[in-house]
Amino acid sequence: MNAQGFAGRAGFQRVLGDTLAWASAQGCRELQAWDASFVDWPLSDANVLAALTAWARPARQLHLLALQYDDVARRHPRFVRWRRDYAHCVTARAVEPEVRLEAAPQSLLLAVSADLKLTLRLFDRHLWRGELSLDATEHQRGLEWFDALTQRSSDSFAPTTLGL
């Protein structure tokens, strides 16, 4: 299996949850995730949080990259709590507003195990079409795009908020 397509919002959310569970079982050290707002990701789903919790061990990093995180704070309170509790393994960055995103996938999740490079890409949010790929070239292209965009971003989505 080199690539497996999916369609529908439920399909996207199922594949995303399965991918996070796979990343935990495979001992993936780093995950890179991109979405404009992460609002459509099932971040407060119990199975997704269980997979993230099982994955979150020492020396692991989840790199989140978005345009903004306001919607996450409103729509995913359980993930916000998880992010606070596991702040040691989560970095969240927001892309600078002037950055042009013409070639950006709607969503992207990258994971690497000892022998596999996995890329989950959502191409079309209106029809919820995407692909789960094990192609190393596709993964490298996604990683280079993610890294380039990370260089044009700043820290965001703090694990705690300080009141004055």
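Helices and strands here are DSSP runs, numbered from the N terminus: a helix has at least four residues and a strand at least two. With those labels, one place can already be found: Glu102 sits in the loop between S4 and S5. We will come back to that loop. Keep in mind that this is a predicted model.

**Stop 1: the sheet.** Show the strands. Eight of them form an open sheet in the order S1-S7-S6-S5-S2-S3-S4-S8, and the pairing is mixed. Now go to the edges, S1 (3–7) and S8 (153–155). Each has a single partner strand, so one side of each has no neighbour in the sheet. On average, neighbouring strands of this sheet are turned by 15° against each other, direction ignored.

Stop 2: Select residues 117–124, strand S6, and residues 129–133, strand S7. The two pair in the antiparallel sense, over five bridges. Which residue in S7 stands opposite Asp124? Pick Arg129.

**Stop 3: a helix on the sheet.** Select residues 136–150, helix H5. Helix H5 packs on the sheet and touches S2 (30–35), S3 (61–66), S4 (90–95), S5 (107–112), S6, S7 and S8. The direction of H5 makes about 115° with that of S5.

**Stop 4: the cores.** In soluble globular proteins, nonpolar side chains tend to be buried together. Show side chains for Leu31, Phe38, Leu64, Tyr69 and Phe79. Within the largest nonpolar core, of 37 residues, these touch the most other members. Elements giving two or more residues to this core include helices H1 (9–26), H2 (46–55) and H4 (77–85). Apart from this core lies another, of eight residues, with Leu65, Leu110, Phe146 and Leu149 among them.

Stay with Tyr69 for a moment. What does Tyr69 contact, leaving aside neighbours within four places in sequence? Its contacts are Phe38, Leu64, Ala92, Arg93, Ala94, Ser156 and Phe157.

**Stop 5: the cavity.** How many cavities of 30 Å³ or more are there? The count is one. The volume of the largest cavity is about 90 Å³. Select Ala33, Trp41, Leu43, Leu62 and Leu64: of the 13 lining residues, these are the closest to its centre.

Stop 6: Select Glu102. Is Glu102 buried or exposed? Its relative accessible area is 62%. The cut-off for exposed is over 50%, so Glu102 counts as exposed.

Notes
Residues numbered from 1 in each chain as written. Predicted model: local features only at pLDDT ≥ 70, side-chain atom pairs only at ≥ 80, totals over all residues. Heavy atoms only, no water. Pairing = 2+ DSSP bridges. Axes fitted to C-alpha atoms, helices over the stretch in contact; angles between N-to-C directions. Contact = heavy atoms within 4.5 Å. Core = buried A, V, L, I, M, F, W, Y, C linked by side-chain atoms within 4.5 Å. Buried < 20%, exposed > 50% of the residue type's maximum accessible area, 1.4 Å probe, protein only. 1 Å grid on protein atoms, 1.4 Å probe; cavity = no way out; pocket = protein on both sides within 12 Å on 5 of 7 lines; lining within 4 Å. Points joined across faces, edges and corners; volume = space filled by probe spheres on them.
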